Amino acid sequence: FADNAKAVFGAGSDLQIYHDGTRSYVDDTGTGSLWLRGGDVAIKSTASETMADFANNGAVTLYYDNSAKLATTATGIDVTGSRWWNN
């Protein structure tokens, strides 16, 4: 597809995937929710650094510069570092 050309799905063009020359988009404008599904799901940068990791029946971990900073646990959360306030 060329820039700004859209892959369109649904009777009312409910789901659109496209690139505008600068950014890529997945637009869900229909009723209901957009679901991303997989056993384990990771969001990676183009340099393959992990940005977020969602483990099936397990932790959700958020990363800064490929380093885990916040993770959910069975009893709450684990935070790496302690600077959660503004100075």
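**Group meeting: Gln-16 and its surroundings**

Leaving aside residues up to four places away in sequence, Gln-16 touches Lys-6, Ala-7, Val-8, Tyr-25, Val-26 and Asp-27. Please bear in mind that this is a predicted model. Gln-16 belongs to strand β2, which spans residues 15–19. Its relative accessible area is 14%, and because the threshold for buried is under 20%, Gln-16 counts as buried. Among its neighbours, Lys-6 also makes a polar contact with Gln-16, side chain to side chain, of 3.0 Å.

Let me turn to the sheet. Three strands form an open sheet in the order β1-β2-β3, and the pairing is antiparallel. The edge positions are taken by β1 (6–9) and β3 (24–28); each has a single partner strand, so one side of each is left without a neighbour in the sheet. From one strand to the next, the twist averages 10°. Between β1 and β2, the antiparallel pairing runs over four bridges. Within this arrangement, Lys-6 stands opposite Tyr-18 in β2.

Lys-6 has a further relation to Tyr-18: Lys-6 lies over the face of that residue, 4.5 Å from the ring centre.

I come now to the aromatic residues. How many aromatic pairs does the structure hold? There is one aromatic pair. Its members are Tyr-18 and Tyr-25, whose ring centres are 4.9 Å apart; the planes meet at 15°, so the pair is stacked, given that the criterion is under 30 degrees.

Notes: Residues numbered from 1 in each chain as written. Predicted model: local features only at pLDDT ≥ 70, side-chain atom pairs only at ≥ 80, totals over all residues. Heavy atoms only, no water. Phe/Tyr/Trp six-rings, centres within 6.5 Å; stacked < 30°, edge-to-face > 60°. Lys NZ or Arg CZ within 6 Å of the ring centre and 35° of its normal. Helix = DSSP H or I, 4+ residues; strand = E, 2+ residues; numbered from the N terminus. Buried < 20%, exposed > 50% of the residue type's maximum accessible area, 1.4 Å probe, protein only. Polar contact = N/O pair within 3.5 Å; in protein donor to acceptor, adjacent residues only side chain to side chain. Contact = heavy atoms within 4.5 Å. Pairing = 2+ DSSP bridges. Axes fitted to C-alpha atoms, helices over the stretch in contact; angles between N-to-C directions.
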